[in-house]
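Biologist: Please show me the model, and let us discuss the terms used to describe it.

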Amino acid sequence: MTPRATRRRNAPERSALVTGASRGLGAVVARFLGAEGYDLVLVARERGPLESFAGELRSKGATVRTVAADVGSDAGRKLIASTGAFETGLDLLVNNASELGPSPLRPLASVALEDLERVYRTNVVGPIGLVQAFRPALARRSGLVVNISSDAAIGGYPGWGCYGASKAALDLVSLTLAHELASDGIGIVAVDPGDLRTTLHQAAYPGEDISDRPLPEITLPFWAWLLGQPHDALSGRRFRAQAEHWGIPA
Amino acid sequence: MMRASFDFDRPRELEAKSPPEDRGLGRDGVRLLTTGDLGSENGRFADLPGRLRPGDLLVVNESATLPASLPAHSAAGPFLLNLSTYYGDGVWLAEPRWAVGRPGPVPFAPGDEVRAGAVRFRPIAPYPGIPRLWFFRAMGDVGDAMARFGRPIRYGYVDTAHDLGAYQTVFARVPGSAEMPSAARPFTPQLVERLGRRGVRIARVVLHAGVSSLESEPDRPEIPPVYPEPFEVRAATAEAVTRARAEGHRVIAVGTTALRALETAWTYGGMVAARGFTQLTLGPGREVRSADGLLTGLHDPRTSHLALLFGFAGEARVRAAYAEAIRAGYLWHEFGDSHLVWRPGAG
């Protein structure tokens, strides 16, 4: 057991902020963290689903605060930063909220440029803004930032260019932040969760049957593994949650 | 491929209910079936040096078995908490069972706590697709609890409890397996010495085997039949395997765990040092590139182990070998007999 892991385990409480937390992958991660004993701040745009999900977690004994906000807007990020929930520090920031772009997907050659800007605001500007806002809180706990990426970031799949380019940008953001924030003791990882049966994936294929894709729960073993690793060994790496193996080079 | 494709009839009586030592044999007195291009040959495990060639490289799993079965209780009553895999930072995957011969599920309600000695375990979430397995957060010294109260994990087909020593192989060095990597159980120090004199070399990997309880294999096609397990292939082993292959020597994985570790670390052109968690699933359609032979036990119908064997050596070869094993009365399970299988053209 590393000294860092011991310190984290003996800490009185651990805290996590999850964006896009009211459904899909974000909800699965939040439910796991809540049961694991993290104090949670959950962020989503729509208050109704967010509050009802938070209620479910509270009924199971989790400590949950909610912020209905859009991570893609200045106002939204200010609202999140002003919760004051992390005075003692932040252990985990999961930048999961993602914007697909037009549904159905449109090729880059004809995508509306305002759609492209909207996607970048949520998928790239949002995570950077939250890291800026919570850098001191993360540094206090030698915290970990998880940026949710996608196989579209490297696939070049027709139609996925708008979303994929934003995730490719986020991958480089993750790698750069890992170098820039190493001296703060903050770890940054990018995680490609793989194809999942989620609202976002359905929006990419409206009306099509996506029931062959696994539910986001399939990623639980990956999260259990990731959160058990020392942050400094993880930082700067990109993982695929549904890969045949997850490793840290010796 | 559907799991039903990996079916065959294994007579119920062909299972080892106790270690060979209890049956008046040495560890290496169990039987060894050797299957290659010319069919299957019967023998004893002690004959192994004669079945190998100078220069052959055996790759063994040096994971040691934990006393991973803890007497526990919760609001549901007393049960066994069989620890499967340590994920780090206090999180364990475990299988709560009512008793050795009686699987769960054991029901948990929100806020329930499991106690095992002085250690408290908080249920976090069921394993996706395998509801018998749960993630738990442990509060307290789990190693101490295992040392005081833990027993080796056992299932109903083994009739009595045995000491942890019965569940360790001669290569065991790194504690971490919930269940013995049993393929290496028949090796004795004397046999290892005879192999060395024969010019057979030995390299080591680690793969900590989780619980194998047969009831827990998922039937939903999207759930991987193998769940992630910790492994490590160090640089010296990676180099030894790469060199053996380049020089035309044969590589023999001792156990499906060793094979999965090797294959996880195999990259285009050779083997590299690697560590982490692997859920690599081997079977038909997934060619094995890192090994020529597999020394293993006899595997039950409809298991991922049998799928691996079909993929490794070909279904027809394995079915013929198993017909011979059944005809000759070989014994299945961790205290049972052994099988050395060569890929076509390798032996």
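Modeller: In S17(B), B:Gly276 is the bridge partner of A:Gly247. This is a predicted model, in which local features need pLDDT of at least 70 and side-chain atom pairs count only at pLDDT 80 or more, while totals for chains, interfaces and linings use all residues. Residues are numbered from 1 along each chain as its sequence is written, and chains are lettered from A and ligands numbered from 1 in the order in which they are written.

Biologist: Why are S8(A) and strand S17 of chain B said to pair?

Modeller: Two strands (DSSP runs of E, at least two residues) pair if DSSP finds at least two bridges between them. S8(A) and S17 (residues 274–278) of chain B have three bridges, in the antiparallel sense, so they meet the definition.

Biologist: What makes S8 of chain A and strand S2 of chain B edges of the sheet?

Modeller: The open sheet has ten strands with mixed pairing, in the order S8(A)-S17(B)-S13(B)-S12(B)-S3(B)-S14(B)-S18(B)-S19(B)-S1(B)-S2(B). S8 of chain A and S2 (39–41) of chain B each have a single partner strand, so one side of each lacks a neighbour in the sheet.

Biologist: Which strands pair in the parallel sense?

Modeller: Among them are S14 (residues 251–254) and S18 (residues 293–296) of chain B, over three bridges. In S18(B), B:Leu295 is the bridge partner of B:Val254.

Biologist: How do you know that chain A is in contact with chain B?

Modeller: Residues are in contact if their C-beta atoms, placed from the backbone, lie within 7 Å. By that definition, 26 residues of chain A are in contact with 24 residues of chain B.

Methods: Contact = placed C-beta atoms within 7 Å. Helix = DSSP H or I, 4+ residues; strand = E, 2+ residues; numbered from the N terminus.
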